[in-house]
Amino acid sequence: MKNSSSEYEAIIGLEIHAQLLTQSKLFCSCGTNFGEPPNSQVCPICLGHPGVLPVLNEKAVELAIRVALAASTTIRKESIFARKNYFYPDLPKSYQISQYEKPLAENGILEAEVDGEARTIGLKRIHLEEDAGKSFHPEKDEDEQFTFVDLNRCGVPLIEIVTEPDIRSPKEAHSYLLSLKQLLEFLEVCDGNMEKGSLRCDANVSVRLKGEREMGTKSEIKNINSFKGVEKGLSFEIERQIELLKRGERVKQETLLWDPVKEVCLPMRSKEEAHDYRYFPEPDLLPLVISGEMVEEIRKGLPELPNERRKRFIRQYGLPQHDAWLLTSVRSLADYYEAVVSECGDAKTASNWIMTEVLRIVSEKAGDISSCPISSHSLSELILLLKDGTISGKIAKTVFEEMAKTGKGPRSIVEEKGFVQVTDEEQIREFILCVLKENQEIVTEYLGGKSKSFTFLVGQTMKLSKGMANPELVNRILREELSKP
């Protein structure tokens with residue numbers, strides 16, 4: 001559904017839940033591995049049994065501070081954990097330990113790129129909290145009447161990153177989410193896997209007439225787990241609210257679920273307010289005190305962030321902005337690129353090969369750069385073989401495919417297959433004379449002024465040499481032969 005009116009504008013704020021990459025849960029030593037048998041990673045602490053005491057995971061605090069620093073927030077010297085009280089079947093203790101009035105960090109910013117331009121989105125707060133469990137319905141006929149509960153996720157450490165209502169379109173929301181995912185991956189605090197629920201998004205959205213200052217009534221779309229879902233869900237809800245207002249009806253404050261199959265938002269429940277949760281300070285946890293020394297120590301260990309690295313790629317390697325954006329989209333890809341450049345010394349050729357051939361193979365395997373069978377060293381070697389004239393560009397493509405198929409290095413493939421480029425001028429001249437003899441009509445067209453015929457003759461020569469003739473020599477010698485009286 002498309003936005004049918006330009007009279008209105010959308011006001012969007014996002015709440016992102018990111019699972020922190022810790023070995024154990026936020027308040028106990030249970031594991032956090034995804035895909036373990038249901039209810040195999042639980043203990044009395046994460047289940048909230050009476051008499052047990054939570055113990056804060058220091059690693060989770062460190063990872064949260066890394067994000068807070070990278071997002072330029074103000075980190076509180078003292079933050080407080082609170083109980084957020086509500087009942088769900090997958091939350092056995094009926095409350096979630098979160099942070100409320102005094103979160104870990106506040107007032108930051110994050111840059112996102114929209115249509116080639118940078119947009120700065122304000123961050124309201126970043127706080128720590130534990131995850132709840134998960135309900136599911138088996139597909140077997142005999143069990144479909146039951147709801148099953150897996151509590152492995154209870155107590156898994158999350159950070160919630162809440163934006164200001166600065167986002168104005170579904171496309172901006174998509175770009176912001178993408179930038180945040182990149183940042184979390186660069187910081188190595190979250191794997192960003194939305195399919196596994198490591199990164200989830202709640203979107204608050206309202207609409208108002210352009211020029212109005214007062215915010216409209218907002219609805220919240222919960223637990224969207226894909227980039228497309230965020231964009232499509234927001235588009236649907238914005239249009240729905242506009243249609244209501246146009247008919248003179250009221251937008252009801254409620255919580256919605258995005259149905260990715262029917263591509264509609266469905267009512268889930270009326271929207272809760274903070275007072276519905278009866279927050280109160282968690283009595284079993286002391287205030288979290290962050291020292292200046294700890295913050296500075298963590299700051300020293302921060303990696304180069306995506307925006308900084310992107311700007312450096314443009315400055316240091318002379319890459320176009322498009323190349324720099326793509327190559328820094330994932331930290332491992334940026335590392336791979338720099339490893340190739342450090343060996344072959346040709347930044348743009350390396351960028352071209354990675355953005356086309358390497359990413360094509362990665363895409364076919366539906367993985368990331370770590371699934372690419374061609375190491376950075378092998379790609380560098382291939383580029384060097386191309387640069388020193390050992391192989392032609394056409395042969396390089398063939399060698400690349402062989403490398404992807406076998407995992408062998410380019411030098412051994414060139415030697416095994418006899419792919420060494422032909423640079424013997426007399427041999428190339430023989431190829432050309434043969435082509436000219438067999439294509440007299442094309443030669444006549446060229447001599448008559450049809451310049452495109454030259455390209456055809458080059459192609460025929462390369463074909464006759466099985467792609468191994470040096471293209472520069474072919475071009476030069478062909479012109480010499482054609483200019484002869």
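How many residues of strand β11 are buried, and which residue of β12 stands opposite Asn204?

Analyst: The model is predicted, so local features need pLDDT of at least 70 and side-chain atom pairs count only at pLDDT 80 or more, while totals for chains, interfaces and linings use all residues. Residues are numbered from 1 along each chain as its sequence is written, and side-chain values use heavy atoms, with hydrogens and water left out.

Strand β11 spans residues 199-209, of which 10 of 11 are buried (under 20% relative accessible area, with exposed over 50% and partly exposed in between, for a 1.4 Å probe and protein chains only). Helices (H or I, at least four residues) and strands (E, at least two) are DSSP runs numbered from the N terminus. β11 is joined to strand β1 (residues 8-19) by 11 bridges, and the two run antiparallel; pairing requires at least two DSSP bridges. It also pairs with strand β12 (residues 219-224), again in the antiparallel sense, over four bridges. Asn204 figures in both pairings: Gly13 stands opposite Asn204, and Asn204 stands opposite Glu220 in β12.

Leu14 and Ile16 lie within the span of β1, residues 8-19, and both belong to the largest nonpolar core, which has 66 residues (buried Ala, Val, Leu, Ile, Met, Phe, Trp, Tyr and Cys joined through side-chain atoms within 4.5 Å). Together with Leu128, Ile159, Ile161, Tyr176 and Leu184, they touch the most other members. Helix α1 (residues 58-70) gives the most to this core, with nine residues. Leaving aside neighbours within four places in sequence, Ile161 is in contact (heavy atoms within 4.5 Å) with residues including Leu14, Ile16, Val67, Tyr176 and Leu184. Another core, of 55 residues, lies apart from the largest one, with Val358 and Leu482 among its members.

Val358 also takes part in a helix contact: with Trp353, Glu357, Arg360 and Ile361 of α8, Val358 meets Ala396, Lys397, Phe400, Glu401 and Ala404 in α10. These contact residues divide into six nonpolar, no polar and four charged. The axes of α8 (residues 347-364) and α10 (residues 393-406) come within 11 Å and cross at roughly 35° (lines fitted to C-alpha atoms over the stretch in contact, with angles from 0 to 180 degrees between N-to-C directions).

Ser72, in the loop between α1 and β2 (74-75), is partly exposed at 47% relative accessible area. Ser72 and Met355 are 283 residues apart in sequence and 31 Å apart in space, C-alpha to C-alpha.

Definitions and conventions: Ala, Val, Leu, Ile, Met, Phe, Trp, Tyr, Cys and Pro count as nonpolar, Asp, Glu, Lys and Arg as charged, and the others, Gly among them, as polar.
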